[in-house]
Amino acid sequence: MKKSGIILLAALMLAPFKVLAQPDPNFHIYIAIGQSNMEGNPRPEALDKENVSPRFVTMNAVDFPDSKMGEWRTAVPPLARPNTGLTPADWFGRTMVQNMPEDVKIGVVMVAVAGCSIDLFDKDKAKEYIPKQAQWMKGICDQYGGDPYGRLIELCKKAQKDGVIKGILLHQGETNTNDPQWPANVKKVYDDILADLGLEPNSIPLLSGEVVPADQKGACAAHNEVMAKLPEVLPTAMVVPAYGCEAGRDHLHFNVKGSRELGRRYAARMLGYLGY
């Protein structure tokens, strides 16, 4: 065989392997789910949109004016949807990149629906849960193809081609205040997510942020007592305290300062878990 033929044959044999890029182990991805405080209630200020590191990115769960669903972009708020506000995930990511090696990138995949019960993220309950809700909530779900959980898994599988999922950020509970089954229901959602993404059981932490607390006259502060029991049911869970995080006028949502501080506390919990 001529030399040119050997080179061509070798190139053809190697070609398929060139497209099989491996996930970057230094690209750390976090799943973010929840209701209105997670999707973001307060309007971002200039401070929240300035100097966002290109090492902090988000994968769109819906189309944005300048980027499409499923695309990574620098995590300039809003993160959840084009009309949402500042989320704790914003300052979680900013704090993470500030405190980790420069070769580590942080990504967030977020699906959050205002006012929802934890049942919305239970793939076995959502089909019955969504049709019973108010039209405005159905409208949000429609933006996720009528299946927020399915959209989350779809995007996370895509994200796994680029990086490694390191944890789950949860902020939900106001709608389930005083529900003693909430910790078990969260565990069900956690177990389903890991199974559907091919992750080993109990292999990543779940960080659950407290709702607006009693020191801020939180309307649902009683749920924090229920949340405190979550690690008893799910050993990989860590509760993120919200005492001192400023609330908005409705005492249901954090204001911009409270959201920033809670995001930093999510990061502090995760950094400690990682050994930083």
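**A tour of the salt bridges**

Select Lys 188 to begin: this residue is partly exposed, with a relative accessible area of 27%. Partly exposed falls between buried (under 20% relative accessible area) and exposed (over 50%), using a 1.4 Å probe and protein chains only. The model is predicted: local features need pLDDT of at least 70, side-chain atom pairs count only at pLDDT 80 or more, and totals for chains, interfaces and linings use all residues. Residues are numbered from 1 along each chain as its sequence is written, and side-chain values use heavy atoms, leaving out hydrogens and water.

A salt bridge is a side-chain nitrogen of Lys or Arg within 4 Å of a carboxyl oxygen of Asp or Glu. Asp 124 is exposed, at 56% relative accessibility.

Next, stay with helix 8 and pick Lys 187 and Asp 191. They form a salt bridge too, with the closest N and O atoms 2.7 Å apart. The two sit 4 residues apart in helix 8, so about one helical turn separates them. Helices here are DSSP runs (H or I, at least four residues), numbered from the N terminus. Then select Asp 122, Asp 124, Lys 188 and Asp 192: salt bridges with shared partners join them into one network.

Last stop: Arg 260 and Asp 48. Their closest N and O atoms are 2.7 Å apart, in a salt bridge. Arg 260 lies in helix 11 (residues 256-274) and Asp 48 in helix 3 (residues 46-49), so the pair ties together parts 212 residues apart in sequence. Are these two buried or exposed? Arg 260 is buried, at 7%, and Asp 48 is buried, at 1%.
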